[in-house]
Amino acid sequence: MYNEKVMDHFQNPRNVGSIEDADGVGEVGSAACGDIMKIFIKVDADCIADIKFQTYGCGAAVASSSMLTEIVRGMPLTQAETVTNAQVAEALGGLPGVKLHCSNLAADALQSAIADYRSRL
């Protein structure tokens with residue numbers, strides 16, 4: 001069902017955890033499948049200096065969270081804000097159609113964390 005890249009990010013997720021003094025936190029969930037993602041960001045010089053995630057959900061949800069953190073680490077906020085759900089799924093080499101909503105959650109959680117950061121300024 002999942003390709004090797006998805007399985008790698010599921011079995012060996014990158015950037016798992018939380019950031020105690022995070023500059024922004026975003027949390028999203030899907031009632032339909034029960035997946036919940038929380039993204040923590042640390043911002044320095046208007047770039048994502050650090051990013052961590054906590055995800056409760058299926059393998060695709062964990063892999064999407066992991067891949068998202070790899071994509072946006074070090075990225076300027078203005079560029080990170082444009083990361084799409086499709087880019088996360090593409091970076092993973094694709095997801096089964098029934099699991100595409102998992103990549104949607106990852107991008108949505110990032111946007112929520114950035115909005116939280118901006119609201120604190």
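Here is a quick briefing on the helices, strands, salt bridges and a few single residues of this chain.

This is a predicted model, in which local features need pLDDT of at least 70, side-chain atom pairs count only at pLDDT 80 or more, and totals for chains, interfaces and linings use all residues. Residues are numbered from 1 along each chain as its sequence is written, and side-chain values use heavy atoms, with hydrogens and water left out. Helices (H or I, at least four residues) and strands (E, at least two) are DSSP runs, numbered from the N terminus.

**Confidence**
- The protein chain averages a pLDDT (the predictor's confidence in each residue, from 0 to 100) of 91, and 93% of the residues score at least 70.

**Helix α2 and what follows**
- Helix α2 (residues 59-72) has 14 residues and spans 20 Å from first C-alpha to last, close to the 20 Å expected at 1.5 Å a residue; the expected span is 1.5 Å times one less than the number of residues.
- Of those 14 residues, 12 are buried, so α2 is largely enclosed by the rest of the structure. Buried means under 20% relative accessible area, exposed over 50%, and partly exposed in between (1.4 Å probe, protein chains only).
- Among the buried residues of α2 are Val62, Ala63, Ser66 and Met67.
- Just after α2, Gly74 takes a positive phi of about 85°.

- His9 sits in helix α1 (residues 4-11) and is buried, at 5% relative accessible area.
- Not counting residues up to four places away in sequence, His9 touches Arg14, Val62, Ala63, Ser66, Met67, Glu70 and Leu92; contact means heavy atoms within 4.5 Å.
- Pro96 is in the loop between α4 (85-91) and α5 (100-119). Leaving aside neighbours within four places in sequence, Pro96 is in contact with Met1 and Tyr2.
- Pro96 and Asp44 are 52 residues apart in sequence and 36 Å apart in space, C-alpha to C-alpha.

**Strands**
- Strands β1 and β2 (residues 36-44) run antiparallel, joined by 6 bridges; two strands pair if DSSP finds at least two bridges between them.
- On β1 (residues 24-29), Gly24, Gly26 and Val28 make up the covered face, with Val25, Glu27 and Gly29 on the uncovered one.
- Gly29 stands opposite Ile36 in β2.

**Salt bridges**
- The structure holds 6 salt bridges, each a side-chain nitrogen of Lys or Arg within 4 Å of a carboxyl oxygen of Asp or Glu.
- Asp8 pairs with Arg14, with the closest N and O atoms 2.6 Å apart. Asp8 is partly exposed at 29% relative accessibility, and Arg14 is partly exposed at 23%.
- Asp21 and Lys42 meet in another salt bridge (3.2 Å, N to O). Asp21 lies in the loop between α1 and β1 and Lys42 in strand β2, so the pair ties together parts that are 21 residues apart in sequence.
- Glu81 and Arg118 also form a salt bridge (3.0 Å, N to O). This pair links distant parts of the chain, with Glu81 in the loop between α3 and α4 and Arg118 in helix α5, 37 residues apart.
- Salt bridges that share partners join Asp21, Asp23 and Lys42 into one network.

**Cysteines**
- The structure holds 0 disulfides, a disulfide being a pair of cysteine sulfur atoms within 2.5 Å.
- Cys47 counts as partly exposed at 23% relative accessibility, whereas Cys58 counts as buried at 19%.
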